[in-house]
Amino acid sequence: MSQPVLDISGLRIALPKGADRPFALEDLNLTVEPGEIVCLVGESGSGKSLSAGAVMRLLPEPHVHVAAGSIRFMGEDLLAKTPRQMRDIRGRDIAMIFQEPMTALNPQKTVGWQLDEVLRLHTRLGRKARRARALDMLERVQLPDPRSAYNAYPHQVSGGQRQRVMIAMALLLSPKLIIADEPTTALDVTTQLQILKLIRELQVEEQAGILFITHDFGVVAEIADKVAVLRMGQLVEHGPAKTVLNNPQHPYTKALIGAVPALIPPPAKPLSSAPVVLKAEGLRKTFAARGGLLSGKRKAVAAVKDLSFTLRQGETLGVVGESGSGKTTVSRIVTRLLECDSGKVEVDGTDILAASPRELRAMRKHIQMVFQDPMASLNPRKRVVDLIAQGPIVHGTPRKKAHADARRLLELVELSPAAATRFPHEFSGGQRQRIGIARALSMEPKIIVADEPVSALDVSVQAQVLKLLAELRDRLNLSLLFVTHDLRVAAQLCDRIIVMQNGEIVEQGATADVFANPQHPYTQKLLSSIPGRHWTPPVLTTEAA
Amino acid sequence: MSLQSTELAPAEPPRLVVFWRRYSRNRAALLGLVIFTVVVILALTAGIVEPGDPLRRAGAPLTPPFTDWATPLGTDQLGRDVMSGIFYGARISLLIGVVATLVAIGIGVLIGAIAGYFGGWVDDVLMRVTEAFQTIPNFVLLLTLVAIMGSQIEWITVAIGIVSWTAPARMVRAEFMALRGREFVDAARNLGVSNTSIIFREIMPNALPPIVVYASVIMALAILLESALAFLGLGDPNYASWGNMIGQGRSVLRTAPYCAVIPGIAIVLTVLSFSLLGEGLNDALNPRQKKR
């Protein structure tokens with residue numbers, strides 16, 4: 001019986017005075033065996049990243065510090081180590097993979113230099129030997145051309161490749177424990193799957209223990225051996241992945257898993273007879289990169305190439321694709337927040353792209369937008385009631401009536417009217433998105449364009465906001481243009497979807513058809529990359545649902 | 001236990017209270033506020049405590065301080081009361097500080113906002129103009145302007161404003177460039193809000209905190225610039241300003257140093273109070289920038 005790589009017992013991390021709770025973590029007990037992947041799951045603010053910081057002894061002390069408990073690594077107490085000893089352990093015995101590889105790598109140094117640094121600090125190898133070892137490692141993480149990657153700067157390789165570099169760096173010294181903090185969250189689904197596979201393969205070879213921090217149950221289903229669920233700093237449930245995923249015991253786990261959208265599209269609606277409210281034809285948009293005086297002209301990027309689609313009344317059209325596919329550009333063009341190079345967007349038969357500034361302002365009433373980041377899209381210096389009433393006031397509604405309407409809308413999105421006089425920062429992410437929806441509805445639009453409206457939200461909140469959107473759509477007979485990268489979300493809400501790749505539609509059709517029988521190879525690849533696609537979340541009844 | 005996300009967090013205290021709490025955490029800023037208040041009181045009560053023209057003869061020339069209670073801080077070589085000068089000088093310094101800052105910030109905000117919001121060639125043109133101003137040293141430009149316009153107090157104030165607008169303009173431009181890409185600006189555009197409204201109602205309130213902080217720096221600089229002008233004998237001779245007093249005290253510096261030292265201390269303390277105020281405002285308005 002080998003001893004566990006990591007043994008955390010009774011860990012308690014104190015937060016500074018004035019935080020929302022006294023302890024970020026309370027009595028955390030967790031073990032990671034060699035060759036095992038333990039997933040630490042929780043929503044934002046659950047303390048999962050701080051637990052990683054505690055193991056690495058990288059907490060922002062003295063404000064946040066370990067108040068009680070022990071962290072044992074290979075039987076040795078990490079908390080008793082001196083800073084010097086910890087420096088040796090970090091990187092050599094415990095390695096970390098961060099969420100955002102672009103910020104975790106030094107942009108001023110080449111990939112090779114950074115790998116070399118790790119070896120220089122922790123080994124006595126000569127220059128040639130270090131280089132050989134670094135190249136070998138880059139090959140093991142399956143970078144297409146290790147030699148050119150060795151000499152490249154971080155910004156010269158793609159996001160997925162950067163994460164491979166991070167993994168190479170982490171594994172360079174064959175650490176016994178790897179802490180991965182949301183390593184695939186910033187990546188596209190197809191890349192995410194490759195990285196998860198890679199982590200799994202290398203971990204089997206190295207027999208390292210991995211503490212994998214994530215919020216995504218799909219990823220958990222893909223990779224975990226054991227799962228630990230954190231809620232507000234407390235471990236509510238832990239056990240083997242299969243048990244927790246398919247038969248959760250704690251109500252919180254049940255609610256979380258219940259909130260994961262199943263990959264089952266809604267029944268098709270008979271919409272072919274409904275009137276067309278939005279019609280886009282031949283949209284093109286090229287971003288001409290503005291060259292500096294000395295840098296010279298860069299290549300122009302075609303974001304959208306000859307795009308056409310229609311949206312009928314009461315319908316939800318999903319626009320799905322990976323980053324760079326041009327889906328966000330589409331949402332900005334149809335709301336004319338971005339000028340288009342050529343093409344037509346007809347709202348109720350009038351071309352919004354040809355409208356004069358005056359006509360445009362009148363037409364904006366009909367097509368409203370819900371933005372991705374609810375914090376960024378609400379002016380932080382305005383009260384909620386002013387935010388919601390702003391649109392109607394601009395369009396001539398008397399102030400008093402607009403404010404009364406705004407309060408009514410707050411109730412419609414299930415917020416208390418007391419919210420009206422507050423500022424946006426006093427709300428949680430989900431509540432802010434509700435305010436964003438209320439603002440869009442205040443103009444009584446026919447069409448709502450939603451650009452990734454739930455991707456910044458926690459899973460459980462995501463489910464509620466999606467439910468609200470679907471309800472409002474049906475109640476107010478709205479048409480929804482729903483832009484998302486998350487196929488699970490698309491499956492839940494959209495009647496039809498269009499799949500975009502490099503600015504072009506590669507496939508479109510009823511959601512159920514596309515999911516059941518994808519025609520285009522890219523769609524097939526996307527669908528097969530959904531993390532945890534083999535796992536159907538069990539149907540659970542919870543009091544929160 | 002419910003996961004419903006619609007329950008509100010408890011209400012926060014009003015913004016002013018939060019602001020004061022953050023501000024008062026900084027001891028130095030409190031000291032700055034106290035000195036500033038004293039200067040304001042000096043300016044307000046000048047007419048009551050020291051009635052009459054501060055430039056009139058009040059006693060024997062070069063009376064040292066604390067010898068005659070009619071002129072507690074002594075008199076200068078023309079027999080003018082130094083304390084009276086300090087009181088009335090506070091008026092001039094504050095007037096110049098406030099008005100010149102308003103002029104500078106006004107021009108700067110307008111140019112910076114337009115350049116930052118519209119970008120493109122508008123930005124290019126406005127920034128080249130700004131750079132043209134920046135290439136000439138502040139004080140040289142100020143001397144030129146005063147030489148052209150004459151040394152009435154009004155023109156001096158305006159001239160100080162004109163030489164100090166470039167820094168706030170660049171600052172506002174940078175703020176606007178960062179803020180115009182934010183989603184809430186798109187959201188406002190999507191509601192059909194006009195450009196002017198977006199600039200002044202949406203972006204401006206968000207760009208204001210660093211400008212308010214910087215205003216305190218300009219105020220301090222404006223007071224120093226006026227003093228420097230007066231020291232060179234280019235100030236408005238009809239007003240008792242601290243700079244004038246130092247300039248005139250220079251000639252008796254060895255025999256009666258207090259004539260220059262007392263107004264000098266007044267300037268140092270006032271400028272210091274503005275710096276400390278600025279520091280405190282920065283802590284209170286941009287809490288994230290300086291977390292300890």
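Let's start with a pair of side chains in chain A: Arg408(A) and Asp405(A) meet in a salt bridge, 3.6 Å from N to O. The term stands for a side-chain nitrogen of Lys or Arg within 4 Å of a carboxyl oxygen of Asp or Glu. Why can such side chains pair up? Side chains of opposite charge can do so when their charged atoms come close. Arg408(A) and Asp405(A) are separated by about one helical turn because they sit 3 residues apart in helix α16 (residues 399–412) of chain A. Helices (H or I, at least four residues) and strands (E, at least two) are DSSP runs, numbered from the N terminus. Arg408(A) is exposed, with a relative accessible area of 53%. Here, buried means under 20% relative accessible area, exposed means over 50%, and partly exposed is in between (1.4 Å probe, protein chains only).

Before going on, a word about the model: it is predicted, so local features need pLDDT of at least 70 and side-chain atom pairs count only at pLDDT 80 or more, while totals for chains, interfaces and linings use all residues. Residues are numbered from 1 along each chain as its sequence is written, chains are lettered from A and ligands numbered from 1 in the order in which they are written, and side-chain values use heavy atoms, with hydrogens and water left out.

Now for other salt bridges. Lys344(A) pairs with Glu346(A), their closest N and O atoms being 3.5 Å apart, and Lys344(A) counts as partly exposed at 34% relative accessibility. Over in chain B, Arg80(B) and Asp76(B) form a salt bridge at 3.1 Å, N to O. Are these two buried or exposed? Both Arg80(B) and Asp76(B) are buried. Some bridges share partners, too: Arg332(A), Asp451(A), Glu183(B), Asp186(B) and Arg189(B) are joined that way into one network. Over all chains, a search of the whole structure finds 31 salt bridges.

Contact (heavy atoms within 4.5 Å) links 50 residues of chain A with 30 residues of chain B. The two chains bury about 3500 Å² between them, 48% of it on carbon and sulfur atoms. Buried area is the accessible area (1.4 Å probe) that two parts lose on being put together, summed over both. Across this interface there are 3 salt bridges. Arg332(A) makes a salt bridge with Glu183(B), with the closest N and O atoms 3.6 Å apart.

Finally, look within chain A, which is divided into domain 1 (6–259) and domain 2 (276–529); the bounds come from an automatic or database domain assignment. Taken over C-alpha atoms, the centres of these domains are 35 Å apart. Their contact takes 10 residues from domain 1 of chain A and 11 residues from domain 2 of chain A. Between them, the domains bury about 1100 Å², 52% of it on carbon and sulfur atoms. Which three residues supply more than any other three of the area that domain 1 of chain A buries against domain 2 of chain A? They are Asp188(A), Val189(A) and Thr190(A), which supply 43% of that area. How many salt bridges are there between these domains? The count is 0.
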